[in-house]
Structures are given as structure tokens and as C-alpha cells.
Amino acid sequence: MSPAELVKALKQEFGDHVAVVQEEPQLVVEVSREKLVEIARFLRDTPGLAFNFLIYVTAVDKIEYFEVVYAVRSLKERHQLMLKVRISREEPEIPSVTSVWPAANWDERETYDLFGIRFTGHPDLRRILLPDDWEGHPLRKDYPVDRRPEKVV
Amino acid sequence: MESIPKPTNTEEICLNLGPQHPSTHGVMKFELTLEGERVVKCVPVIGQLHRGLEKMAEGMLYSQFIPMTDRLDYLAGACNNLGYVLAVETLMGVEAPERAKYIRVIISELQRIASHLVAVGTMALDLGAWTVMLYSFREREMILDIFEMYCGARMTLNCFRVGGTPYDLTPEIIQKIEDFLKVFPSRLDDYEALLNKNPIWLTRTRDIGVISAEDAIAYGLSGPNLRASGVEWDIRKAYPYEIYDRVEFDIPTGSRGDVYDRYWVRMEEMRQSCRIIRQALDQMPEGPIMVDIPGVSLADKAQFPTNFPAVVRHFELLVKGFQPPKREIYVGVENPKGELGFYLVSDGTGRPYRLKIRAPSFVSAQILPKVMKGTLLADVVSILASFDPVMGEIDR
């Protein structure tokens, strides 16, 4: 399916909850947080879309807000798509997509570990790469790179 | 009240397997809950090698990150370089010259063979077959010698650049590769003679650690681990990059998705890699190995004394680095371990705003708790070895 058709199919189903942010060189679509799991399930289960393979989940710190990024692919139709969800920095919380794609499990844990974004409904949200008592979330832009963060006692 | 002792002790015990176990390749630990010899629960513990490569990338020029990719999957440096370089090229909208594409494919296919040799060898070692391990390291040595001739390094190759490659394949290196291709197929037959009909090998690998095709896709497995479950998926075929659309090769797939299939798929892939190298050597054209675009490649140093713009071009590139347009891309390539991908966000400066590495071992390792459940303790080792995990990649 071509990028234009993909966008059309999504727009038809979810209307304003979907917005295209980049078309070239790769399609990136921004979706709303409330509809994320629904859209994920729609992408996986609709014949013709069949996005059955989650490539990765990650986040980008845009200083004012966070973007959670999902890249999905259909092994059958051979198309892929990047989804983006904008969430606030004060309350970094987003529903987990592990129920749709089990592959999201460790990626979401990693994003929680390194960005401090909480995935609600995740079966086992613990730190994965850093020790459990680590202070701070290193991939945030305000994390100091030249020294360890001071421990608040 | 006095408690009555039970006739037999059926308590569950907790066993920490690793991190020093050989099949964990360094630093992965399993917290196993055992009931007798059966695994009831398996919790993999990772992160002991975490170096924060993604954070480091944010403070580096795009070109400075190429040596870092060698340290991901340290058994497949060239393939990692290729993945990263391709990602930056896509971001910049640059394409390498023809000859460079062929060189990249030849070197990374050799690297694939070298990586699979370690995978098969250590897997056999974990199950007690010393000979195969010694043989496979002997063949790997030949490939490492070729790499040493090519770029001076054996493990951390750092051998490709954005816009091409700095080193050409000389006639001597091509001769070495030809020699390797001549002897290697018969060596593969030797391994198979040692293993394929060996009753110990078969009972320890057949129907152990079975993964269905649905599970493999749902858990994001890629590479040989996915294909062993019978899914015919290879990025080299699905989205051909470099010259993979011009060479003929097959995608080997397993039927059961057990440990044996994962071993067998790797053996077949080595044969296919030989085919690809053979064709690439035959087709390889003469020509430049590096593009000549200001802002991407350095100017010819011979011009320096007379040509001032060349000096400026040199200086600008080394200080400012590439300046790709503001956009974001994801590019994945077929690595020996699976799909290695780079998600790059550019803000228009010379440093990546965000770099995410999609590491195949990291994603496939999350299926381990599910596969390990209910197996025997002895099989934990063979299942793990069949996944061919490399911790540098899992922890990044």
C-alpha cells in the first residue's frame, strides 16, 4: 500500500486523531494519545494494512514535550510506518501497546528507564539497562553528561 | 506445633546462571526458578554492559559515531558500519558509487560468514562439541586476515564511510577472497559431517526451544531466528539495498523453529553468502570508491598546496560535519543477528538530535522467558546459544 493510501485509510477511521507530520523520505504520522491502542489494534488487524511486526518503540525529548515513536511494519504487505504520540513533560504517561505487539515489552521498559515515560498497563515496568536505584533518566536532554546526578537523600 | 517433615523435598530453588557462563558471552544473567531440573520461571537480567552509546551519539558528529557501531555487535563490525552509513546516507540523500557498493557487500557478507562461524562454533561448544568450535575459528581466522589486509583491523573494522569506502579491494585481497571461497564449502561439509547425523547433537537440539511463526513475528524476532521458524523474511530481499537486487541467492527457512533449525539456517546462510560474494566479485566494476560532493567527502589532498577552496572544504567537513536536512528516518539492514536499524532525528546541525539503535539481539532476547519455561536446565544453555546473542548489542 502506498503512503497516501495508508494515510487515507487511517484518516477515514480516526479523522482528526491522525495527522501527517512528514511524507518524505519516510511517512511519519502523529496520533493522539487517547486513540493510540485503538489505532495500533486497527493497524494490526485490518486486512490490507496488517502491521504485524513492531520494529521499535522509543522516544525523543523535544525540550517542551516528549514524543513517543513507534515504527511498525507489515511482513506481508511490505510497507512500514512511523507513529508518533506527543505527551507532556510534566505527566509523561502513555498507554502500553504490549497487548497489541508483545515485542513492545522491553522497548517500553527501556524508554521508561532512559526517559522516565510511564507506560500504563505494561506487565512489568521496571528499569532494564540501569541499576534499579539509578537517579534520573539519561536520555533526557537536561540530564548532565559530565557528572553523575546528585543523589537526593 | 511441631511440623511434620515432608517425605521428599519439592521446594523450588532459585539459580543464578551467568554472567560468567560462556554461552552468555560475557554479561547476561538468568534468574531461574527451578523445580527439580525443570525451569519454572526465567528472568533475564541485562544492562551490565550499558555504555550509553545513544546518549554519546548526541554529542558527536555523524562521522564520529562510525567507530562506535563496531562496538555494538563486536562480531559483525562491518555489517554495523554498513547499517549506520546507509542510514546517514539516506538522511543526507547521498548514494555511494557502484564500486563502493560492491566492496561493501563483499566485506559485509564475509563478516556474516565470520559471525555465523562463531555462532555455530560456540553453540557446538556449549553442547560439548569442541572440534567444530576449533574448526570454525580456523576458518574465521582466514576472514580476519582478509579484513586485516583490507583496513588494518581484525575486529573493530571501522571500514566504511558516508559516501563510499576509504579502502579499495586490491588484487591481492581479491585473490585471498578467491582462495577462501575455494576451500570454505568443503569445510562447511566437514562441520555437517560432524554434527548433522550425530545422535547427541540431534537429541540435544531437535524439538527443543520451539518457537512458532506467529510468536516469532509477535515478539519481533528477526534474522536467522525468525527464518528458522519458517517465516521467509529477509531485508536483503524485501527492501534491497546496495546491490542485493542484482545477485541471486535463496532465503533458507526452517520448518519447526527449534534449536536445530536455527543452527541449520545459519549453515545455509553461509553457503548463500559465498554465492553472493562470488557474483559480486564477478560483477564488480572499476571506478571511484568515494563520492566527490562538498559537505560529504573530503577533497583530494594532492590539491592542497595550490587549491585553497579544497582546504576550506576539508576544514568545514572536519569541524562542522555533515549537515543533513531537518527530518527523521529509520533504516534497517540485515545483520548476521537480525535486523539492525538506526532511527535518526536530524535538527539540521552536524550532530544527531536523537539516535536510536534497533538492536536485533535486544528485541529477540525478550522471547527467552517464554521459550525457557518448562524446559530442562541443560537445554537453557542450548536455547540461549541458538539465539546467538551478543551483549554489546543488547546493552548498547
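Helix α11 of chain B is largely enclosed by the rest of the structure, because 19 of its 25 residues are buried. The structure is a predicted model, and in it the end C-alpha atoms of α11(B) are 36 Å apart. That span agrees with the 36 Å that 25 residues should cover at 1.5 Å a residue.

A partner of α11(B) is helix α6 of chain B, residues 171-195, whose buried residues pack against α11 (259-283) as well as α4 (98-126), α5 (130-151) and α7 (199-205) of chain B. The residues of α6(B) that supply this buried set are B:I173, B:I177, B:F180, B:L181, B:F184, B:L188, B:Y191, B:E192 and B:L195. Helix α6(B) has 25 residues and reaches 36 Å from its first C-alpha to its last, close to the 36 Å expected at 1.5 Å a residue.

Turning to the interface, how much area is buried between chain B and chain A? The size of an interface is often given as the accessible area lost when the parts come together. For chain B and chain A this area is about 3500 Å², and carbon and sulfur atoms give 59% of it. Chain B brings 37 residues to the contact, and chain A brings 44 residues. Between the two chains, 17 residue pairs are in polar contact, with both residues at pLDDT 80 or more. On the side of chain B that touches chain A, strand β4 (residues 328-335) of chain B gives the largest share, 4 residues.

The rule also finds 6 salt bridges across the interface of chain B and chain A. Among them is the pair A:K141 and B:E58, whose side chains meet with an N to O distance of 3.2 Å. Another salt bridge runs from B:K356 to A:E110, with the closest N and O atoms 3.8 Å apart. This pair joins two chains, since B:K356 lies in strand β6 (residues 354-358) of chain B and A:E110 in helix α3 (residues 104-115) of chain A.

In chain A, A:E30 forms a salt bridge with A:R86, the closest N and O atoms lying 3.7 Å apart. A:E30 is in strand β2 (residues 28-31) and A:R86 in strand β5 (residues 80-88) of chain A, so the pair ties together parts that are 56 residues apart in sequence. A:R86 itself is partly exposed, with a relative accessible area of 44%.

In chain B, the side chains of B:E141 and B:R154 meet in a salt bridge at 2.5 Å, N to O. Here the link runs between distant parts of the chain, from helix α5 of chain B, which holds B:E141, to the loop between α5 and α6, which holds B:R154, 13 residues apart. B:E141 is partly exposed at a relative accessible area of 37%, and B:R154 counts as partly exposed at 27%. Chain B also has a network of salt bridges that links B:E109, B:R112, B:R227, B:D234, B:R236, B:E269 and B:E334.

Terms used: Residues numbered from 1 in each chain as written. Chains lettered and ligands numbered in written order. Predicted model: local features only at pLDDT ≥ 70, side-chain atom pairs only at ≥ 80, totals over all residues. Heavy atoms only, no water. Expected span 1.5 Å × (residues − 1). Buried < 20%, exposed > 50% of the residue type's maximum accessible area, 1.4 Å probe, protein only. Contact = heavy atoms within 4.5 Å. Buried area = accessible area lost by both parts, 1.4 Å probe. Salt bridge = Lys/Arg side-chain N within 4 Å of Asp/Glu carboxyl O. Polar contact = N/O pair within 3.5 Å; in protein donor to acceptor, adjacent residues only side chain to side chain.
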